[in-house]
Amino acid sequence: MAGPEHLHPWLSIPFCLMYVAVLLGNFILLFVIVTERSLHGPMYLFLAMLAVADLVLSSSAVPKALSIFWSLSKEMSFHACLTQMFFIHVSFIAESAILLAMAFDRYVAICNPLRYATVFTHMVVAKIGLAAIARSFCVMFPTIFLLQRLPYCRHSAMPHTYCEHMGLARLACADISVNVWYGFATTLLSPGVDVVLIGVSYVLILRAVFRLSSKDAQLKAVGTCSSHACVILMFYTLAFFSFFTHRFGHNVPHHVHILLANLYVLLPPMLNPIVYTMKNKVIRGKVSQVLFRTGQVR
């Protein structure tokens, strides 16, 4: 990572604490959803998928970053780097698809509640999860071949804490325009389209909410969507800022870019379970019950 190496041990402290929070928060959320039959509805199943994607995203990047900070291992083979890149990007694209599914879930629940049970069956939710994984693999699989075809002239050092597509491509001593345009196109056509569709669903949700005659119904509808909106804002703001800075933000200091790139694999996965637990009374109650039972057993 760019910056004085004597700061690495100090940087490792917040990174390590945040990663522990990611593991605890998401595993507790998963445990509660899996073990409580009342939480086997579509919204909670999507939330479980989100927790799995968050765990894969952060666990693909953070352990290696910590080993760099602690000077345990600062090297990685090319194929290991490809593997890390693949899982980071696949989990990011899958998470984007899950957020889109959650937005559609809220749209149907608020704008067409009578059809909710028939639209979001367990089979449909399972198919959406499989489609999210399949799309991620289809988008990222070609990048492996696009990177393997490039000639790498010598042993290279990447000024980053984890491997990413354009960071690897820039180590090549050949024309990487195909990689640049493929990365740009897939970003616009997968997470980019997801953002647009999420925005459309929320416009329709807000229009339906403000047509409600009851003030209490309006507040309840806004409350059910506010946690999802917070998650979306955190996730896409950090991710797209990192993406566009990597390609166009040549005036942005390199250490700032790397810090933001690390935050996008840490901050949303850490805050997602906290936001959903705090905003959702059902989840908050179930988590409290599980923690209370655990405390009694001890």
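## Close-up views of aromatic and cysteine side chains

**View 1. Phe-46, Phe-104, Tyr-107, Tyr-116 and Phe-120 come together as one aromatic cluster.** The model shown here and in the other views is predicted. Two members of this cluster, Phe-104 and Tyr-107, both belong to helix H3, where a spacing of three residues places them about one turn of the helix apart. The structure as a whole holds 14 aromatic pairs, and the views below include a stacked one and an edge-to-face one.

**View 2. The edge-to-face pair of Phe-92 and Tyr-264 joins two helices.** The ring centres of Phe-92 and Tyr-264 lie 5.7 Å from each other, with 80° between the planes, and the pair is therefore edge-to-face, since planes over 60 degrees apart are counted in that way. Phe-92 is part of helix H3, while Tyr-264 is part of helix H9 (residues 254-264), so that this contact ties together parts of the structure that are 172 residues apart in sequence. Both of these residues, Phe-92 and Tyr-264, are buried.

**View 3. Phe-104 and Tyr-107 form a stacked pair.** With centres 6.1 Å apart and planes at 25°, the rings of Phe-104 and Tyr-107 count as stacked, because the angle falls under 30 degrees. Phe-104 is partly exposed, at 42% relative accessibility, and Tyr-107 is likewise partly exposed, at 26% relative accessibility.

**View 4. Cys-81 and Cys-163 are linked by a disulfide.** The structure holds one disulfide, in which the sulfur atoms of Cys-81 and Cys-163 are placed 1.7 Å apart. This pair links distant parts of the chain, 82 residues apart, with Cys-81 in helix H3 (residues 78-111) and Cys-163 in the loop between helix H5 (122-148) and helix H6 (165-169). The angle about the S-S bond is -95°, and the link of Cys-81 and Cys-163 is left-handed. Cys-81 has 7% relative accessibility and therefore counts as buried, and Cys-163, at 5% relative accessibility, also counts as buried.

**View 5. Cys-16 is partly exposed, whereas Cys-138 is exposed.** Cys-16 has a relative accessible area of 25%, and because this value lies between the limits of 20% and 50%, Cys-16 is described as partly exposed. Cys-138, by contrast, counts as exposed because its relative accessibility is 57%, and exposed means over 50%.

Terms used: Residues are numbered from 1 along each chain as its sequence is written. This is a predicted model: local features need pLDDT of at least 70, side-chain atom pairs count only at pLDDT 80 or more; totals for chains, interfaces and linings use all residues. Side-chain values use heavy atoms; hydrogens and water are left out. A disulfide is a pair of cysteine sulfur atoms within 2.5 Å. Helices (H or I, at least four residues) and strands (E, at least two) are DSSP runs, numbered from the N terminus. Buried means under 20% relative accessible area, exposed over 50%, partly exposed in between (1.4 Å probe, protein chains only). Rings of Phe, Tyr and Trp (its six-membered ring) pair if their centres lie within 6.5 Å; planes under 30 degrees apart count as stacked, over 60 as edge-to-face and the rest as tilted.
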